[in-house]
Amino acid sequence: MKLYENGVYLVNGTTLIEDNHEASAKLAATCGKTVDKEEARKSTIAYGILKEHNTSGNMSDLKIKFDKLVSHDITYVGIIQTARASGLEKFPIPYALTNCHNSLCAVGGTINEDDHMFGLTCAKKYGGIYVPPHQAVIHQFAREMMAGGGKMILGSDSHTRYGALGTMAVGEGGPELVKQLLNKTYDISLPGIIGVYMTGKPAKGVGPQDVALAIIGEVFDKGYVKNKVMEFVGPGVDGLSVDFRIGVDVMTTETTCLSSIWKTDNKTREYYDIHGRVSEYKELNPGEVAYYDGMIEINLDEIKPMIAMPFHPSNTYTIEELNANLMDILDDCEKRARVSLDGQVDFTLKDKVRNGRLYVDQGIIAGCAGGGFENISDAADILRGSSIGPDEFTLSVYPASTPIYMELVKNGCAADLMATGAIIKTAFCGPCFGAGDTPSNNGFSIRHSTRNFPNREGSKLQNGQIASVALMDARSIAATAANKGYLTAATDMDVTYNNPKYFFNDTIYKNRVFDSKAEANPKQEIHFGPNIKDWPKMSALPENMVLQVVSEIHDPVTTTDELIPSGETSSYRSNPLGLAEFTLSRKDPEYVGRAKHIQAAQKALEAGECAGEAVPELKAVMSKIKEKYTNVCHDNLGVGSTIFAVKPGDGSAREQAASCQKVLGGWANIANDYATKRYRSNLINWGMLPFVIDEGELPFKNLDYIFLPGIREAVIEKREIIEAYVVKDTGLEKFDLRLGQLTDDEREIILKGCLINYYRG
């Protein structure tokens, strides 16, 4: 694999010319004419789709209107509640509400099914689509029933990726979907476009997860595609099935790219035809000469079975490399874990080595990444006639939709898998976010799913538990299962792959999915369970602000799972204050109490009372501030909390990572950088200041107070540098913060206090 240092021209879809001092001569010789770089930029597939969906008239500053929206039952309640509070009357575009996260109605009593009934009644009232639990995971339903060539889809899940079908899809926090529901736009600068040029053909036994992990391992740490669009081109694409392309595409999220798109061909057309939607096919190819801001060149012949060791999808090795250097790599993983886990629990992988081989406790093939028809069919071919054994090792398989499940039953693959001792389950995202199939303490699971962050498998550090996940392709998981839990690459197995044809049957959808056909019913009453709560009132940005630092995190990257846990919190996503009790519970259990303590001062101010009476230590803080800023008083002051993290926001698009801080009185984050655009956007949409501070020794420490004089004026005036002071016993010590680029609408949202206030006027 090669990453180009400069931009790259792609000529006729087959010739790469790097943008260096020799480029002009090479282009002239190849094309027989002079090539204009800016015109060539417009010849990418991504540029064309963005242009078609841009409403600003300015391709530097995009205002995107999406064609369709998708959400699941962890996100749609909050989105619709926010939109209702902002004036929603009807879904303006097709909006699918799937139920693949809170499918297990086992935690919190009636909460989950109450949320589902909320979704069904909202689909009826506002004119949407409702997919009942266990029918399909969000992204498989979108692929089967919603994707379209040249279209754009916005989803409130980070793995919203349908590029292999010619659909540019973006995963964002819920407030961005709210904007679309209110006929507003998705506002971004034109993203960079990175080509992914494929040649060759994968070896037998190499699957899409192997290709995806190889890419992630190469680009993640370098930030090579961060917030950019990945465009898959080259002759290697032609030899890949659409299921294979989908398996690579869905994992592009783990590179931190913004979106993805692939060239399309007759195989793509066939996919749409199989699903009864051939009219949605559109041929997409780059122009005669297309310019990319960077290029990833991949020879698929060279890809080997991969494994991403705990605790990140970028912690990659070939399985061959791991087996050859087992103890050294396990030792390195344990050292990394001590950083990720803050030494909260003892963690080891070396105890999994038996007779010189790595033994795993569990295999999972599931969800939007692993639950595809070809992945499971190939796993069945590998396992047919064998046994997973009666020891610790277990294998669970989750087809991504009921139509896939039905076809696996009809062609016998399901029976072949079950005969080995594997368990076939319904469409459910639980193994990806920590609900279901949690291993035993210190258990080690291999999964064809999307993520392997700490606790992503369901263990709870705060209870002294730890388990871990390595990501692998379904084929090598099946090979490991055939060897009763001993890690094995699929390429080491002598297997004949049958490649059965897929027949899609949408009968179950016709029988069970509610589709309003865009017809709203205003008379429909919405079902509200007792857990579904409105958002609390949120104040506008004050003239001056006092922030207390209530958590300080120095991990290289902080995931949204660590900011607000997945799994055990899922049932509380429809209750803003109830969910907020879990904020940072895995990372900093003292956060909630500290945030509430300082929030009492803001509540006192809003009631016309003295902040210092509610939080006595503020009296000394305010005394020091008033020595220099005599005009600061309760009429022009806001008080709240902030956290510092080196690089927060990797992973999920969930808005709750920000909103939970907000409802506990958070006014800001301070970071050296933000891991994703999604998290930074969530902060802004909840009225929180996304401060950036230069790397190095911090001017403040945990529990210090920070004073921001004239912060409202600074936002209005678009100041690049924000004046800030640490309040010390000796006085105010100045330091600088930055807000980074903000659109005018984003500034107004922050000034109003949150997106809800912004739309209320």
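Which residue lies over the face of Phe514? That would be Lys124, at 5.8 Å from the ring centre. More on that in point 4, but a few ground rules come before the rest.

This is a predicted model, in which local features need pLDDT of at least 70 and side-chain atom pairs count only at pLDDT 80 or more, while totals for chains, interfaces and linings use all residues. Residues are numbered from 1 along each chain as its sequence is written, and side-chain values use heavy atoms, with hydrogens and water left out.

1. Cysteines. If you were hoping for disulfides (a pair of cysteine sulfur atoms within 2.5 Å), the count here is zero. Take Cys754: it is in no disulfide, and the nearest cysteine sulfur, that of Cys660, is 14 Å away. Cys754 is also buried, at a relative accessible area of 1%. Cys413 is buried as well, with a value of 4%. For these labels, buried means under 20% relative accessible area, exposed means over 50%, and partly exposed is in between, using a 1.4 Å probe and protein chains only.

2. Aromatic pairs. Searching the whole structure turns up 21 aromatic pairs. The rule is that rings of Phe, Tyr and Trp (its six-membered ring) pair if their centres lie within 6.5 Å; planes under 30 degrees apart count as stacked, over 60 as edge-to-face and the rest as tilted. One of the pairs is Phe91 with Tyr95: the ring centres are 5.0 Å apart and the planes stand at 70 degrees, so it is edge-to-face. Phe91 is buried at 1% relative accessible area, and Tyr95 is buried at 0%. Together with Tyr126, Phe91 and Tyr95 form one aromatic cluster.

3. A pair across the chain. Phe644 and Phe700 are also edge-to-face, because their planes are at 70 degrees, with the ring centres 6.2 Å apart. This pair links distant parts of the chain, 56 residues apart: Phe644 belongs to strand E28 (residues 637-645), while Phe700 sits in the loop between strand E31 (689-692) and strand E32 (705-708). Helices (H or I, at least four residues) and strands (E, at least two) are DSSP runs, numbered from the N terminus. Both Phe644 and Phe700 are buried.

4. The five-stranded sheet. An open sheet with mixed pairing has its five strands in the order E1-E15-E11-E12-E13; two strands pair if DSSP finds at least two bridges between them. Strand E1 (2-3) and strand E13 (259-262) are at the edges with a single partner strand each, so one side of each is left without a neighbour in the sheet. Strands E11 (residues 193-199) and E15 (residues 294-299) run parallel and are joined by six bridges. Gly195 stands opposite Met295 in E15.

5. Salt bridges. The structure holds 45 of them, each being a side-chain nitrogen of Lys or Arg within 4 Å of a carboxyl oxygen of Asp or Glu. In one, Asp515 meets Lys517 with the closest N and O atoms 3.5 Å apart; Asp515 is partly exposed at 34%, and Lys517 is exposed at 63%. Another joins Lys619 to Glu613 at 3.3 Å between the closest N and O atoms. Here Lys619 is partly exposed at 44% and Glu613 is exposed at 56%. The side chains of Arg594 and Glu590 also meet in a salt bridge, at 3.3 Å from N to O. For a network of salt bridges, look at Asp331, Glu334, Lys335 and Lys350.

6. Backbone spots to check. Pro310 and Phe311 are joined by a cis peptide bond, with omega about 5 degrees. Phe311 lies in the loop between strand E16 (306-308) and strand E17 (316-318). Asn183 is not a glycine, yet has a positive phi of about 65 degrees. Asn183 is in the loop between helix H7 (174-181) and strand E10 (186-189) and is partly exposed, at 49%. Leu703, not a glycine either, has a positive phi of about 80 degrees. Leu703 sits in the loop between E31 and E32 and counts as partly exposed, at 40%.

Notes
Lys NZ or Arg CZ within 6 Å of the ring centre and 35° of its normal.
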